[in-house]
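Trainee: I am new to this structure and would like to know what stands behind the labels used for it. Can we go through them one at a time?

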Amino acid sequence: MQTGLPKDPALLLSVVNTKLRDYYPTLDALCEDMDIEKKELVSKLEDIGYEYDENKKQFI
């Protein structure tokens, strides 16, 4: 994933949740705008025990 996002999963979680809270209405919008493979992002965060909650619009 060459996106300028942190490689460390814990930092990635923080950055993605902040961007979702402050800038993007959905995970799909974030991925499209940042040219990120959604499946890869979700997989990296699932590896550390987080899943995306559409109602809360964040990884929990």
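**Labels and the values behind them**

Mentor: Start with the surface: the accessible surface of the protein chain is about 4,200 Å², and carbon and sulfur atoms account for 44% of it. Keep in mind that the model is predicted.

Trainee: What does the secondary structure of the protein chain come to?

Mentor: The chain has three helices and two strands. Read from the N terminus, the order is α-α-α-β-β.

Trainee: What makes the chain as compact as a globular protein of its length?

Mentor: The globule rule gives 10 Å for 60 residues, and the radius of gyration of the chain is 10 Å, close to that value, so the chain is as compact as a globular protein of that length. Along the principal axes, the C-alpha trace spans about 25 × 25 × 20 Å.

Trainee: How much of the protein chain is made up of buried residues?

Mentor: Buried residues account for 32% of the 60 residues. As for contacts between residues at least 6 apart in sequence, 50% join residues at least 24 apart.

Trainee: Why is methionine 34 called buried?

Mentor: Buried means under 20% relative accessible area. Methionine 34 has 19% relative accessibility, so methionine 34 counts as buried. This residue is found in helix H2.

Trainee: Why is proline 25 called exposed?

Mentor: The label exposed needs a relative accessible area over 50%. Proline 25 has 57%, so proline 25 counts as exposed. Proline 25 sits in the loop between H1 and H2. Proline 25 and lysine 7 are 18 residues apart along the chain, and their C-alpha atoms are separated by 23 Å.

Trainee: Which label does aspartate 35 get, buried or exposed, and why?

Mentor: The cut-off for exposed is again over 50%. With 69% relative accessibility, aspartate 35 therefore counts as exposed. Aspartate 35 lies in the loop between H2 and H3. Aspartate 35 is not a glycine, yet its phi is positive, at about 55°.

Trainee: Where does lysine 57 lie, and why is lysine 57 called partly exposed?

Mentor: Lysine 57 is in the loop between strand E1 (52-53) and strand E2 (58-59). The relative accessible area of lysine 57 is 23%, so lysine 57 is partly exposed. Lysine 57 is a residue other than glycine with a positive phi, near 55°.

Trainee: What makes glutamate 46 partly exposed?

Mentor: Exposed would need over 50% and buried under 20%. Glutamate 46 has 46% relative accessibility, so glutamate 46 counts as partly exposed. Glutamate 46 lies in helix H3. From glutamate 46 to aspartate 33 the distance is 22 Å, C-alpha to C-alpha, and the two are 13 residues apart in sequence.

Trainee: Why is proline 9 called partly exposed?

Mentor: Proline 9 has a relative accessible area of 30%, so proline 9 is partly exposed. Proline 9 lies in helix H1. Leaving aside neighbours within four places in sequence, proline 9 is in contact with Leu45 and Ile48. The C-alpha atoms of proline 9 and leucine 41 are separated by 9.6 Å, and the two residues are 32 apart along the chain.

Trainee: Which members of the largest nonpolar core touch the most other members?

Mentor: That core has 16 residues, and those touching the most other members are Leu20, Leu27, Leu30, Ile36, Leu41 and Phe59. Helix H1 (9-22), helix H2 (27-34) and helix H3 (38-46) each supply at least two residues of the core. Leucine 20, not counting residues up to four places away in sequence, touches Thr26, Leu27, Leu30, Tyr52, Lys57, Gln58 and Phe59.

Trainee: How many positive and negative side chains does the protein chain have?

Mentor: There are 8 positive and 13 negative side chains, and the centres of the two sets lie 4 Å apart.

Notes
Residues are numbered from 1 along each chain as its sequence is written. This is a predicted model: local features need pLDDT of at least 70, side-chain atom pairs count only at pLDDT 80 or more; totals for chains, interfaces and linings use all residues. Side-chain values use heavy atoms; hydrogens and water are left out. A nonpolar core is a set of buried Ala, Val, Leu, Ile, Met, Phe, Trp, Tyr and Cys residues joined through side-chain atoms within 4.5 Å. Buried means under 20% relative accessible area, exposed over 50%, partly exposed in between (1.4 Å probe, protein chains only). Helices (H or I, at least four residues) and strands (E, at least two) are DSSP runs, numbered from the N terminus. Contact means heavy atoms within 4.5 Å. The radius of gyration is taken over C-alpha atoms; the globule rule is 2.2 Å times the number of residues to the power 0.38. Accessible areas come from the Shrake-Rupley method with a 1.4 Å probe; for residues, only the protein chains shown count as cover. Lys and Arg count as positive and Asp and Glu as negative; His and the chain ends are not counted. The place of a charge is taken as NZ of Lys, CZ of Arg, CG of Asp or CD of Glu.
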